[in-house]
Structure formats: C-alpha cells, structure tokens
Amino acid sequence: MSKTESVVVVNNLKKYFPLKIPWLEALRKKEKPTVKAVDNISFDIKSNEALGLVGESGSGKTTVGRSTIRLIEPTNGSIKIHNQDIMSLKGESLRRARKNFQIIFQDPMASLNPYMSIGKSVMHPLEIHNIGSNFKERKEMVLELFDKVNLKPSKEFFNRFPRQLSGGQRQRVVIARAIITNPKFIVSDEATAMLDVSVRSQVLKLMLRLKDEYKLAFLFITHDLASAKYICERIAVMYLGKIVEVASTRELFEHPLHPYTKILMGAIPIPDPTIKRNKIMPKGEIPSPTNMPKGCRFRTRCPYAKKECEDMDMELTDMGSNHLSACPFIK
Amino acid sequence: MFSEKIGKNIKQLVGDSSGIMFLVGLFLLIIFVVMAVFAPYLAPYSPIKPTGAPLLHPQASHLMGTDNLGYDVFSRVIFGSRMAFSIAAIATVIAAAVGIPTGLIVGYIGGKLDSVITMIMDSVYTFPGLILAIAIAAMLGQGLINISLSIAVVYIPTYYRVIRSQVVTIKSELYVEGARAIGAKSPTILSKYILPNVLPSTIVVLSMNIADAIMTEAGLSFLGLGIAPPTPDWGYDLSKGQQFILQNDWWLVVFPGLAIILIVLGFSMFSEGLNEYLNPNIGEKR
C-alpha cells in the first residue's frame, strides 16, 4: 500500500474532549480529565475507493469523520488530502481548501437551509469557490448535476424549497451540493441511516455511481454492516475511539480476526431460520469513555480476555495480505 | 416571504379564531394609518388653533368637543396619530437596528463576549420599562428624537434576547455546519443561513414592540416628558384632560384614551395573529 497514490492519509488522529469539572477540582488536579473520543487513529483511502468505518454508537465514528475535514478541530495528528497538509491550514486557506473535501450528513431534513431554494443551496459552493463565471453558467452546472442525481425535471426542482421534498430527494440535494465543487474526498456520515429501506438502496447506488465517475475517495461511516458491504472496498472497525481491525470487505466478512469484529459479524441476522450458529456475545456494557480500561479497551467484554491484555497497546499489526488487527492473540 | 404566505391563504385566515384576530388587528391598524397619512384632509380644524368656545360638549360642529383652550379634540386625536406612529416607528427602528445585529453577532461568536453583553442587556431588561424611559427622557430633554431614543433604549434588550437565543440554537443546526463545510465565510453564514431563519420571529417582536412603544410614549407625554405643546399628542391631551374630570368634562379624556387603547389593541392583535401564522410549528400542520 504505497502512500503516494492515496488521496487521504490520516496519521495518529486524536480528538480529546475536555470534561467540565468544578473549578476548585480543576485547580487541584494536574491532568484535566478528557473523553478520548478518537485516540490515535490512522488510515488512508485511495481514489475511487470507499473505506467503511463501522462501530456501535459512541465509538467515535462521527468524530473521526468531522475531524478529518476539520469541522471540529482535532487535538493532534496529521491529515493529508490530495497531497495537501490539512492540519497546517488556517482561516482563509482552509476555507479555500474545503472545495476538495465535503461531507454528507446523516439527517437530510436538517442539513439544508429551509429558507434557501435547493438550487441556490447547491449553487452556493460554486459562488464561494468562484467556480463558473456568472449566474447562468453556474445554474447550468447545477441543473446538469440535478439530472445526474436523478432530481428530474431539474428546472422545476431548482426553485423548490427543502420542505417540498421527500427525505430521499433531500439527501440527493445534499449529495449534489457535496459533489458540485468536484471534490477528491467525501465523508458520508451515516448518510443513509435515516432513509427508508427502499430509498436507501437507491441513494447507495447513486453514491457508488458518483464514486466511480468522480474517482472519489469515500469515508463511509455507518453502523449498518450491510450498507458498508455494498459500497466499500475496505472496512475499518472502531471500538471506543480505536480502530481494532482493517481489512478488505471480503476478507473481513469471511475471516474476521478481532474478537469485536467477530461479535459484530455474529450480530448480522441470517435470513434462514434453519441455520444455527454459535453466537459469541460480549459481556457486560460498553465501558464509560471517561474511565477507560487499561491496556486493550475491549478486554472487559472480550470472551477471550487474558492477563496479558491489561498491558498491551491496541496497535494495529498486519496479519498478512493487508489485514490489520489490534488483537495479537488471535490469528 | 410572509406576504406571499398571507396572500395565498386569506380564506384559511378567516377560518379560525387567530385569523379573525389578525384581520381585526389589521383593520384597526389600517384605520389609524389612514388617519395619520390623511390627517390634514380628515381633520375639520387645525389642531393647534382655538376653533370655538372652550370646553364645548361633543356636538355636530365639534364631534368630540373642545378643550379648555378651545382646540378641537377630534382634530387633535386625528393629528395625534401622526405623533404616535412616528415616535413608535423611530424608536422601534433604532431598537431593532441596534438589537438585531448585536444579538446576531454576539450569539454567533458566543463565549466570554456573550456572557458580558448578555449580562448588560439583562440588567437593562430587568428595569421597569417606563421608569427607565423616564430617567433617560429626563436626561435628554423633550423632542421627537430624544423621546424616540429613550424608548428605543428600553426595547433594545428585547430584540437582543430574542435574536441571540435563536442564533444560539440555529448555529448548531446541521445546515449551518454544512455551510461551514462548503467553505462559507462567517458573514455569509450569518446573512444567508442564520438571519433568514430568525427573521420571522423578529417581525412578531417588531409589531408587539410598536404597541408597547406607543404606550410608553403616551406615558412619557402624560408625565410632561414628551413633545412640547401645542403639538397634538394623545398622552399630553390625556394629562391635560384629567384636570377637568371633576367638572364632568369626560370627552377630554375618553377620546384620546380610546385612541391609545384601540391602536395598541390593533397592534397586539395583529402581532398575535402574525405569531400564530409565522410560527413554523403551527405552519407545518397546515
């Protein structure tokens, strides 16, 4: 996996949220308590590749997505998108760089300005980044894209307002807005989670098509393994702010290595009641992120936990053919 | 934005009680606006010249009687609407022009600035309105602009509070984050994404405030802090008229008082109906 061909390279990304404590206590304690939402995460995505980021809620998936494009400020780490060091950018230059990376949010109902027609919403990025010379040219570009994302007839849609659209249509508008500046990298933050199943597959197909057409690098954040399997070439599994396993989609589904991944796979329902399988169930509850277990973060719930787990780091190691896992005991 | 909404749904408006309230308010306001605009044509006499014997009862030649100097009360009530409207309008415009941008910017920036400005605004807000206006008016002295200013100061915090609280919620909306994600500058985000979403509630506050401002203005004039006589002004006429109540010269008080009540009622009903109408939660149901 050579780094040069990767569009997105993220190394040692950290995002700690400070906890609010009474100021008297803050004076006494030297180290301020934090929630380690994202702790030392590295990944890379090539062009025309979708990396799935799966994990249960609270594992820090969304925080990874937002800090990668600096919608929230990462505590530490290096981010390179399209050979540009994103972490070193400030103010105006960061604003300009934003045309290269975009985000699609989960809730299509809330991610469009209710007082702006959808045509203007999609046109706005063009105005901000000075793409196209005049209104007519920009409108032409928007209409063309509306056709592409199947908002037809595009001329009629141009002047509509978000409240006149269905959820699936709104998500298409949001996708159009993300794609209009011709970005290299798109974060899709649970983009299909709030859509009906029937609409979901259409939107997934649309994203897949656009990915191929624009040679996009996709970070596909989801808790739905089925959607991830459909769209992604590789999948990274997150648990409590750490990536525990990365592998190609096929490899991950066929030979999951990390105990947590195994449990996740075991939770996918099989549409055949005659098949019985030995389910491995996690013990107990997800630990509080303010009070993380020492060593491996999963050891408190892991069915294979041993004494050594207390002292190990959750380093990803290659188990062969680009299959990375953070559990050294299961091969 | 809202004129389109209202135009479309006149029928629905008449259909429910809030709609009727809105229309009655609108009707009252139109009467007063016509009165103010066409005062010279509607008034039978000059409001600042004696036109008959003093303290005449209401009669055909003087519909609302005359005051102790022989001024025609009817003409003074009509011309008084001009003073009420102009002071209320100037005061509201000043208050909105200061309160809205402050609320927008402070709410958007947040942090320490927010705490400090909000504390100042809240301390102004806790003063009883009329007392604060009296204090400022006493300092500034009489005159149209001075009175408007002292009323404006009372209402700046109202705008500030309404706008700031809305901005604080709206700035964490996904579409504002989306605007940041596409690389919009803060001024653009404020003007294109936040302002249109707070404006509907501002319009309601605006019309409510005008009603309040008219009352405050009448109060100030009543206490002799308003416009210099003999300029026609309802509050001043009221204070002059109350000296003659014991002689049973009721028309000196009743007619200017009625004018104040009706115009305030008009604005309140109008704004209440508008509120029902522009409130997005109610709007969604229709």
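## Chain A at a glance

Of the 331 residues in chain A, 41% are buried. Keep in mind that this is a predicted model. Chain A is built from eleven helices and twelve strands. Its radius of gyration comes out at 21 Å, close to the 20 Å that the globule rule gives for 331 residues, so chain A is as compact as a globular protein of that length.

Take the contacts in chain A between residues at least 6 apart in sequence: 67% of them join residues at least 24 apart.

## Two domains in chain A

Chain A splits into domain 1, residues 3-232, and domain 2, residues 235-331. Their C-alpha centres sit 27 Å apart. Where the two domains touch, domain 1 of chain A puts in 22 residues and domain 2 of chain A puts in 18 residues.

Now for the domain 1 side of that contact. Three elements of chain A each supply at least two residues to it: β2 (34-46), β3 (49-54) and α9 (225-231). The largest share is that of β2(A), with seven residues. Sorted by class, this side of domain 1 has 13 nonpolar, five polar and four charged residues.

## A covered strand: β8 of chain A

Strand β8 of chain A, residues 217-222, is mostly covered, with six of its six residues buried. Which residues point which way from β8(A)? A:Ala217, A:Leu219 and A:Ile221 go one way, while A:Phe218, A:Phe220 and A:Thr222 go the other, and all are buried.

With β3(A), β8(A) pairs in the parallel sense over six bridges, and A:Leu53 stands opposite A:Ile221 of β8(A). Strand β7 of chain A, residues 185-189, also runs parallel to β8(A), joined to it by five bridges. Here A:Phe185 has A:Ala217 in β8(A) as its bridge partner.

A:Phe220 is worth a look of its own. Leaving out residues up to four places away in sequence, A:Phe220 touches A:Ala50, A:Leu51, A:Gly52, A:Leu53, A:Ser188, A:Ala228, A:Ile231 and A:Cys232.

## The nonpolar core

In soluble globular proteins, nonpolar side chains tend to be buried together. In this model, the largest nonpolar core has 152 residues. Which residues have the most contacts inside this core? They are A:Leu51, A:Phe220, A:Val237 and B:Ile214.

The element that gives the most to this core is α10(B), with 17 residues. The core also draws at least three residues from each of the two domains of chain A, domain 1 (3-232) and domain 2 (235-331).

## Where chain B meets chain A

On to the contact between the chains: 15 residues of chain B are in contact with 22 residues of chain A. On the chain B side, α9 (174-181) and α10 (186-222) each supply at least two of the residues that touch chain A. The largest share of this side, six residues, belongs to α9(B).

Terms used
Residues numbered from 1 in each chain as written. Chains lettered and ligands numbered in written order. Predicted model: local features only at pLDDT ≥ 70, side-chain atom pairs only at ≥ 80, totals over all residues. Contact = placed C-beta atoms within 7 Å. Helix = DSSP H or I, 4+ residues; strand = E, 2+ residues; numbered from the N terminus. Core = buried A, V, L, I, M, F, W, Y, C linked by C-beta atoms within 7 Å. Buried ≥ 20, exposed ≤ 12 C-beta atoms within 10 Å, placed from the backbone. Domains from an automatic or database assignment. Rg over C-alpha atoms; globule rule 2.2 N^0.38 Å. Nonpolar A, V, L, I, M, F, W, Y, C, P; charged D, E, K, R; others polar. Pairing = 2+ DSSP bridges.
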